[in-house]
Amino acid sequence: MGELLLWLLLIAIGLIIVFYIVWIIVALLVRAFSIVVLYWLISVTLGAVAGVVKGVVLPVRVLLGRGNAAFTQLTPDDVVKGKAITGKPMGPNRAYGWDRAWPTYLPYQAREDARGVIAEGKLHLSSVWAWMGSRIRPGSGASTGKAAAKAASATARFLVGAWWVALLGPLAVAYSIALWVSIGAWLVFMVAIGLLTVLVQKFILGATKLADVIFRRRARASLKCPHCFGESTLPGYHCPNPDCTIIHWTVLPGPLGLLSRKCDCGQMMPNTVVSASRALAPVCPFCRVDLSAGSGARQTIQIPVIGSIGAGKTRLLDAAVTELAGRLADRGGRISGLTDKASDRLDAARLLVETHADTVKTPDAKAEGLPILIELNQRVVELQIMDVAGEAFATWETTSNLRYLDIADATIFVLDLLAMPEVNEQFRRSGQADSLLLAVGDQEETYAAAIDRLRADQIPIKKRDLAVVLSKADILTRLPIAKSLEVLDSSHIREWLFANGFDLLVSRFEKDFRSVTYFLTDSMSERETSDPMNPWWTLEWVLRVCKTPVVLVTPEPELETTKA
Amino acid sequence: MDTGKPLTYTVYRGVWSIFHIALVGLLVVIGMVWYNTDHTGDRLVTEWWYTLWNVQYAIANAIPFPWGN
C-alpha cells in the first residue's frame, strides 16, 4: 500500500514537473515568437518602402530602354498591319489603308509603354518569388538511402523552408504589394496626364485639319488627273527621300502625326496637303501616275472642248492660250507648262498663231490633259488643255472615255457654222471653200453624243454652264448671211442664231444647261484684246465661271449670258 | 527598342520620366516638410516604434512564466 502511494506521489511529482517544463517551453516559444513578430513588422515596413522605391525606378528604367521584359516597340509595319491603330483611316484614300509611317507616341506607343512597365513589374516579381522558392525548396535531397534517412532529410528541408518563409515571406509580400501600388500610381498618373495630352492633341489636330480644309476650299483646290480624269481632294505623295519608294496616301493630321510624320525610311515629311504640296511629289490616287508639283493644293480647271472634226477646237485653244499668255505678261503674270509636253504645246501654239500657219488635225489618240500653270499676283490656277480629236465625240461609247466632261463646271462647244447647211451654201458660193477645212459630220450629233451621254450617266449638267463658240469668224463675217451679226455681246449672237434657222439648236443648248454664253471668235487674225472676237474671251469666260482667283478683267465684261 | 523611332518618342519618354521623378521628389519634399512640422515625424516614428514594442511585449507576456506572478 505504502509502495503504491509512493509511486502515485512520484507520478504526480513527475506530471507537475512535465507541466511546468511544458509551460516554460511554451512561454519561451511565445517570447521567441514575439521577437519574430517584431521582425515581421519591421521587415514589412522596410519591404513596403523598398517596393515603393522600386516602383518609382522601374518605369523610368523601362522608358529608358533598360528593362528586361518583352517590350513592344510599334513600327510602321505594325501600323500597316493594323496592329497599332484600331479602325480605318479617314479620307477619300482610305481604301489604301494606313500609310507606312510611325504612329504618334500618344496614345499608341504610350499604351505599349504602359504594358511594358506592367510586364517588367511581373518579370521582376517573378524573379523575386523564384529566388524565394529556391530558398524554401533548396533541392530534393538524396534519392537513395534508407527510408529513415529520407524522412530526416525531408524534415530538415521542411524546417529550412519554413525558416526562409518566416524570414522572407512577409518581406516579399509587402515588397510585392508596395511595388504594384507604386506602379499603379504611375499608371494612374500616366493615364491622367496622357488623356489630358491626347485631348490637347485632338484639339490641335482638329484645328490643323480644319485650317487645311478651309484653305483648300477657299482656293477651290482639288486634284484633277490629266491621265485618268479622276477628281479628288487628296493626292497621294511620294516620300521625299529619293531612295524610298513609299507613297503616303492620307497626308492629313491624324494618328500618324499632327504637322509632320516620319516615313518608315526615317524621313520626316509634312502632314497637311497644303504643306505637302510645297515639298512633295503628288500621285494620282486613282491611276497612281505622278502628277505635276503642287497638284491638289490649287484650283485645277480642265477646259473641255466639244466639237466635230475640223470644227476649230485646236485652233481655238492654241489662239486663246497664246492670247492669255500675252494678257498675263502685260499684267506681270506668267503662264508655263507643268510638263514637257505642255511646254512644247505652248511653244507650238505661240509659233502657230504668230506665223498664221494652218492647224494640223489633232490625231485620234487617247485623251490626255496638258497641264499649264497661270500665275498672277501670287495667285495660281492650273489649267488643263483637253484637246481631243473630233472622232472622240462620234458616239456615246467614245465620249464615255472622256471622263473629264463629267466633272467640268464649264463646257465649250465649238460650232462651225460654215459647215451647217444654212450657211454652207453661201460659203461655197464665196469661192473660199477649197482653202478651208470645214467641220465634218453632223455637229448636232456631236453635241448630242457628249451631252446625252452625260445626262444618261445622271451628271447634273443643268447646274453647269456652256459656252457656244462660233468658230472661223474671219470667214463667217464676210458672208452675206452674217451682215446682221453684231458681235456686241452674247445676246446679239443668240438673236442672230435664232433668226437664221438655228433656233432649235439654241433651244436645245438652253434646255440642257443652266446658262449659255455665245462667242464669235476669230482664231486666225491678230485682234485687239478688247475685240469681242478675240478667242481669249472664251478662256476668260472659263476662268470667271470657275470663280478662279486669277482675275484678268476688271470690271467683268458685259457678255450677256442667256439663263435657261 | 528599335532604332529609327521618331524623336518625339524619346522626348515623350524623357519628359514622362522627368515628370514622374519630379512628382515623386515633390511628394518626398512635401512628406519631409510635413515630417518636420511640429515634430509630426518624430511623433509618428516614436509612436510606430512604441507600437511595435507594445505588440511584441503583449505577445511575449501573453503566457507568463510560472514564477512570473
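**Figure 1. The largest nonpolar core of the predicted model has 107 residues.** A nonpolar core is a set of buried Ala, Val, Leu, Ile, Met, Phe, Trp, Tyr and Cys residues joined through C-beta atoms within 7 Å. A residue is buried if 20 or more other C-beta atoms lie within 10 Å of its own, exposed if 12 or fewer, and partly exposed in between, with C-beta atoms placed from the backbone. Phe413(A), Val468(A), Val469(A), Leu470(A) and Val542(A) have the most contacts inside this core. Domain 1 (38-92 + 107-140 + 149-215) and domain 2 (299-563) of chain A both contribute residues, so the core lies between them. The domain bounds come from an automatic or database domain assignment. A second, separate core has 18 residues, among them Val62(A), Leu171(A), Tyr175(A) and Ile183(A). This is a predicted model, in which local features need pLDDT of at least 70 and side-chain atom pairs count only at pLDDT 80 or more, while totals for chains, interfaces and linings use all residues. Residues are numbered from 1 along each chain as its sequence is written, and chains are lettered from A and ligands numbered from 1 in the order in which they are written.

**Figure 2. Surroundings of Val468(A).** Not counting residues up to four places away in sequence, Val468(A) touches Phe413(A), Leu415(A), Phe509(A), Val516(A) and Tyr518(A). Two residues are in contact if their C-beta atoms, placed from the backbone, lie within 7 Å.

**Figure 3. Helices α3 (residues 105-136) and α4 (residues 147-218) of chain A.** Helices are DSSP runs (H or I, at least four residues), numbered from the N terminus. The two axes, which are lines fitted to C-alpha atoms over the stretch in contact, come within 10 Å and cross at roughly 180°. Angles run from 0 to 180 degrees between N-to-C directions. α3(A) is therefore roughly antiparallel to α4(A), a term for angles over 145 degrees. The residues of this contact divide into 22 nonpolar, six polar and one charged. Ala, Val, Leu, Ile, Met, Phe, Trp, Tyr, Cys and Pro count as nonpolar, Asp, Glu, Lys and Arg as charged, and the others, Gly among them, as polar.

**Figure 4. Leu106(A) in helix α3 of chain A.** Leu106(A) counts as partly exposed because it has 18 C-beta neighbours inside 10 Å. Leaving aside neighbours within four places in sequence, Leu106(A) is in contact with Gly194(A), Thr197(A), Val198(A), Gln201(A) and Tyr12(B).

Technical notes:
Helices (H or I, at least four residues) and strands (E, at least two) are DSSP runs, numbered from the N terminus. Angles under 35 degrees count as roughly parallel, over 145 as roughly antiparallel, 65 to 115 as roughly perpendicular and the rest as oblique.
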